Amino acid sequence: MLSELSCEELLRCVQQAKEDAWKEFIRRFHPVIAASVARIVRQCGLTEAEIGEDLIQDVYVKLCDRNCRILRGFRNDREDGLYAFLKVVSANIARDRCQAVVAAKRGGGKLVPLSPENEIAAEGEFANRIAHQLFLAKVEAILVRPTEGLTAVRDQSIFWLYYRQGWTAREIASIAAFDLTTKGVESLLRRLLRQVRLELVRTSGEDSGEGSGLPNPFR
Amino acid sequence: MPESPRNHLTDEELNRYVDGNADLPLAWLAHIQACGHCRQKAGGLASQQRKLEALASAERSTPGSACADGEIWWRIALDIAPADDAHAALAHAARCPTCARKLRLAIEDRDADLATQDPLIQGLPSSTSERMAQQAHRLTRAARAAAGHSAFGWKIWLVGAAAILGAISGTLILTRPTSGDANRLLAQAYGERRVTELRFPGARYAPFGQERGKADLQSQALREASAQIAKERSRHPHDGLWLQSSGRAKLIEWRYRDALSELQRAEVLLPGDPSVLADLAAAYFERAQAGDSQADYQVAIDLLSQAIGRDTNNAELHFNRAIVLGYVFQFPQAIQEWEEFLRLEPTGDWASEARSRLAEVKARGWPK
């Protein structure tokens, strides 16, 4: 019985282009594909049902694409693993398409040219784009020392995700490749911050200003 | 308290003070109050902390050539990316707002609670059991067709699959011209009058001429392709392959602004497709030629490099990158590229032109 096949077995049959396997695949996973697409359609502010229908077809086409390339790349025999996989893949495909639809509706699709007008002007702590870039380069160089060893690349990524991209320690810890808990991320950030901050003071000679009322994530 | 160096707080103690730890000994606090040296140092630490915290708001989203393709982000979110690829991509995303955003969206998608009872879904025809069975039948046919025709390339299959799926709405796409037909006409038009130094996909050799974009010089093939494209574009406004064909037609007409617009949209719909990246590079090349912009030449090189990364043995891509490299004075790289092209395509008219250009770059250090 196809309904008793494991995910891995079902996917193997689907890749062999067996119609009953596709029926079973759609029976099991159409709800998650459709719900994931619907979520993105709503997020993009689109309400037309036809768009949702087209996007679902796009997802199936993509899943069939190049001899089921995406499905062949899936390795996990747990039903919830495939469920999560299809949820993310469907959302990703739907978002790409929705953004194109929204851009077309706005008459967009134009790249913002790189020009001096788009450079950041004086903003917050930085006098201009150059000051911002110089500071980044300085911290990048400083980070090399406290992040030596096998985990150097990982530790630097975590530091920059937090400080440049504004991610929370929890969000960072949710990436399994980092293999750290939220507490672990916080502890690493605290260690790196202290070393970077001291080195910045040493190398910049800047020691002006009163230490006052700092927002600090580790209080 | 006297300001004796012996009594100054250590770096670690000052760090803890700046972190705002609540359990600091009162003696430290009293010292900082009284000691100008330590207060000043703490102020310096605080100032650097403020700068670090201001970094996120100063980041600007400017996608670059080093940006990875979209799939890696959901693979990382799902923990199914190879470890080395994941760490390399994460190192990039940590420094690139565009990619960090894509990764964050993939994580949001992974963690989202889905409303499977969404009325939007319930009302869709594809959610009925009858349509699901039809869908399974179509997908099986598409998968079998793909397996049987893989030698023709995935894009042709994709058009076929799209045609099969198009039957849902009762439309028989298979009887209509495909974007592949239009592309063949465009390649023919290019072969009749080569308006750009870059090679056009699938086109036969033609010597390079300088007559650009003159309506009265339009070939019958170009007019025919343009008519097909206009008709199908109105039917399928969000079809990446037709957008690509439309962009190619504009390239032949030397309408690089329109070509850029069309091809950028095609790139969104067909992310990472090497042929779209190559067409986009051609559009930047034309704009560079029109405005003599070194930055546009560089963008073209970056795009061609991305395309070559995905389609390593495509001689046309190497030919085009060799041409553009010459325009940014990267002569050693241009020489290397011509040699690589000649390794891939050692005979024929294109190879003759390549040899001549290679000799010129070597002799004069400047492309034809």
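Q: Before we start, what are the ground rules for numbering and for pLDDT?
A: Residues count from 1 along each chain as its sequence is written, while chains are lettered from A and ligands numbered from 1 in the order in which they are written. As this is a predicted model, local features need pLDDT of at least 70 and side-chain atom pairs count only at pLDDT 80 or more, whereas totals for chains, interfaces and linings use all residues.

Q: OK, how many helices and strands does chain A have?
A: Chain A has 8 helices and 0 strands, in the order α-α-α-α-α-α-α-α along the sequence. Helices (H or I, at least four residues) and strands (E, at least two) are DSSP runs, numbered from the N terminus.

Q: And chain B, how many there?
A: Chain B comes to 18 helices and 0 strands.

Q: What about contacts between residues 24 or more positions apart?
A: Taking contacts with a separation of 6 or more, such pairs account for 51% in chain A and 53% in chain B. A contact has the two C-beta atoms, placed from the backbone, within 7 Å.

Q: Switching to α5(A), which of its residues are buried?
A: A:His132, A:Phe135 and A:Val139. They cover an arc of only 65 degrees around the axis, which puts them on the same side of α5(A); the arc is that of the directions from the helix axis to the C-beta atoms.

Q: What's on the face turned away, and what covers the buried residues?
A: The face turned away carries the exposed A:Ile130, A:Leu134, A:Ala137 and A:Ala141. The cover for the buried residues includes α8 (182-204) of chain A and α3 (36-58) of chain B.

Q: Over to chain B: how do α10 and α12 cross?
A: The axes of α10 (residues 179-192) and α12 (residues 240-252) of chain B come within 9 Å and cross at roughly 15 degrees. Axes are lines fitted to C-alpha atoms, for helices over the stretch in contact, and angles run from 0 to 180 degrees between N-to-C directions. The two helices are therefore roughly parallel, the term for angles under 35 degrees.

Q: Which residues of α10(B) are buried?
A: B:Ser179, B:Ala182, B:Asn183, B:Leu185, B:Leu186, B:Ala189 and B:Tyr190.

Q: Last one: where is B:Trp254, and what is its phi?
A: B:Trp254 is in the loop between α12 and α13 (256-269) of chain B, and its phi is near 65 degrees, a positive value in a residue other than glycine. B:Trp254 is partly exposed, with 16 other C-beta atoms within 10 Å.

Notes
A residue is buried if 20 or more other C-beta atoms lie within 10 Å of its own, exposed if 12 or fewer, and partly exposed in between; C-beta atoms are placed from the backbone. Angles under 35 degrees count as roughly parallel, over 145 as roughly antiparallel, 65 to 115 as roughly perpendicular and the rest as oblique.
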